[in-house]
Amino acid sequence: MGKACVASLRLSASRFLSTTSCHTLLDFTNLCSKGHIKEAFERFRSQIWTDPSLFPHLLQSCIRKKSLILGKQLHSLVVTSGYSKQKFVSNHLLNMYSQIGQFQTALTLFHVLPIRNIMSHNILINGYLQIGDLEGAHNLFDGMGERNVATWNVMVAGTIQFECNEEGMSLFKEMYELGFWPDEFTLGSVFRGCAGLKALYAGRQVHAYVLKCGFQFHLVVGSSLAHMYMKSGSLREGEEVIKSMQMRNLVAWNTLIAGKAQNGLSEEVLDLYNMMKLAGFRPDKITFVSVISSCSEMATLGQGQQIHSEVIKTGASSVVGVISSLISMYSRCGCLQDSVKAFYECQDSDVVLWTAMIAAYGFHGRGEEVIDLFEQMEREDMEANEVTFLSLLYACSHCGLKDKGMELFELMTGNYGLKPSLQHYTCVVDLLGRSGCLDEAEAMIKTMPVKADAIIWKTLLSACKIHKNADMAKRIAGEVLKHDPQDSASYVLLANIHASAKRWQDVSEVRKAMRDQNVKKEPGISWLEVKNQVHQFSMGDKSHPRSEEIDLYLKQLMEELKLVGYVADTGSDLHDMDNEEKENNLVQHSEKLAIAFALITIPPGVPIRVMKNLRVCSDCHVAIKLISKYRDREIIVRDTSRFHHFKNGECSCGDYW
């Protein structure tokens, strides 16, 4: 039931307690709160018949026990005792049926009540919202002759809960204009609506009202306000709100942690998590989802495993949302088998859990498992949603499953009746482009019902690089740069295509255009975790304390690889220089530095896991395959596109990435 409705019922209850002694009431309410309904009734039978205010305690106990049988027995006693005409008692009956999932019974009772007041309507409106019938709630709300603040609160909160944020904000405005003063329940809902709309200006206006009325120290209001700022892109203002709170509860900590996570500040998330525990707060499922997601972003397996152990200790390992986050975390840290284990150990499941596992398989290039899992999902009548199909299409594009991908796209729009978003079309363009259907991919962009952005054109540009179509690439690059003139990746892609074709004049023109637009190439960065410490590498950076040792080892390693057939791929270097200089550049690529460091620090037999902010280049891909064979090491590399599992001289991507 809505918090505002509960508060109103409790307020009404207090008005009926004067006829019962405090000692009797305490014994009676203790029994009810523990669920001992029959004992409470037997011991206080005489008082119950003379004091109607005791019935609601029994009815509330039925709600906690979810006991329809006891609820019906109490209903019979209410009728027999003659108290069914008491508005207060009949409203609690109405609430009991609504709360234990018997809304139709509650609806029938509502229509036969001799007297219906505002509270009766509020309870039923909340009941409609609980069963997902927003229209029914609206109809009842619109037909009310009289309303109170609780009525408006239920409608505003319910409308925003259904993500009808604009409508919820409109109701709030109407409420305020009619002279109803918003309370903490209203304000919490309104800030959630502003967050959903990312309506920073409107949120600031409501914040001004909060300061004027003194609600800024209310924990629910403060946390909702901070969430609004963070969700709307103003992390600083959200932090200031949390810091200004005289005391913090778990909700406030979770709000701050989630805000940091949503803004990509993963290291700060882990710092806050440790501070929260030191302050004496026990993390809950909301905390874990944010913290595990941050471990996913940083690919810090050691920390992720530690948090997983804390999840188990706190009993959150059965929460589907937490398990979904763990599946994603293990997958993004390169431990696909741990993702599979977490998935199959989960007792309950929902579409989010299945989608997380499909995405994990897809990210690791396991196309067959993706299709098998989706077919199993359908057999279990688990209905796929837009995110599921996005993961399926992504997997097909990265595994070369063109026909299956197009079949799934048709299934999504036809059988499931889902409307494809720009992200879905981008996956299909990637699917077509990778398989060599460049003209078909371009035609899709030009005919799709949604507006193209830089990403979808860049996806096609990447396909032009794969298939070495320099003429088409030049045209497509123009489309990308119309949408985002500062996109360095597109300039680099185009320059790479020209360099592969040894069209150095065109490479020079691209580099001049970058200088003219003041566009700088994003540097390649690779990192890995060793003994819970993250080590980062970039080309030409000598800041690592073992830099000289790494360079020497890497130089020797590359010389050994040449003896077994390695030939540097100098064709993709953007500079018109001699091959020796190009080879020196290639040796210093960040993933090679990271792997060299791993080989001299991580014991034999332990997999090496490296993360990279850009795609792995073709030269590094060839070199790492050879390293995996001649150093007998499993090397797992995550780039921006997918995972590559190198073992025995082969890669899981099948050279298709």
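I began with Ile636, which lies in strand β4; helices (H or I, at least four residues) and strands (E, at least two) are taken here as DSSP runs, numbered from the N terminus. I note that this is a predicted model, in which local features need pLDDT of at least 70 and side-chain atom pairs count only at pLDDT 80 or more, while totals for chains, interfaces and linings use all residues. Residues are numbered from 1 along each chain as its sequence is written, and side-chain values use heavy atoms, with hydrogens and water left out.

**Entry on β4**

I looked up the burial of Ile636 and found a relative accessible area of 2%, which is buried (under 20%; exposed is over 50% and partly exposed in between, with a 1.4 Å probe and protein chains only). Along β4 (residues 635–638), Ile635 and Val637 point one way and Ile636 and Arg638 the other, and all are buried.

I then followed the pairing, for which DSSP must find at least two bridges between two strands. Strand β3 (residues 608–612) runs parallel to β4 over 4 bridges, with Arg609 as the bridge partner of Ile636. On β5 (residues 643–647) the pairing with β4 is antiparallel, again over 4 bridges, and there Ile636 has His645 as its bridge partner. A hairpin of 4 residues joins β4 to β5.

Leaving aside neighbours within four places in sequence, I listed the contacts of Ile636 (heavy atoms within 4.5 Å); among them are Gly334, Pro607, Val610 and Phe643. I also recorded that the C-alpha atoms of Ile636 and Cys335 are separated by 9.2 Å, although the two residues are 301 apart along the chain.

**Entry on the cysteines**

I searched the whole structure for disulfides, meaning pairs of cysteine sulfur atoms within 2.5 Å, and the search finds 0. Cys333 is in no disulfide, the nearest cysteine sulfur being that of Cys335 at 6.3 Å; Cys333 is buried, with a relative accessible area of 1%. The sulfur of Cys437 is too far for a bond, because the closest cysteine sulfur, in Cys464, is 13 Å away.

**Entry on Ser67**

Where does Ser67 sit? I placed Ser67 in the loop between α5 (55–65) and α6 (68–81), and its relative accessible area of 15% makes it buried. A polar atom of the Ser67 side chain lies 3.3 Å from the backbone nitrogen of Leu70. Beyond its neighbours within four places in sequence, Ser67 is in contact with Cys62 and Ile100.

Methods. Polar contact = N/O pair within 3.5 Å; in protein donor to acceptor, adjacent residues only side chain to side chain.
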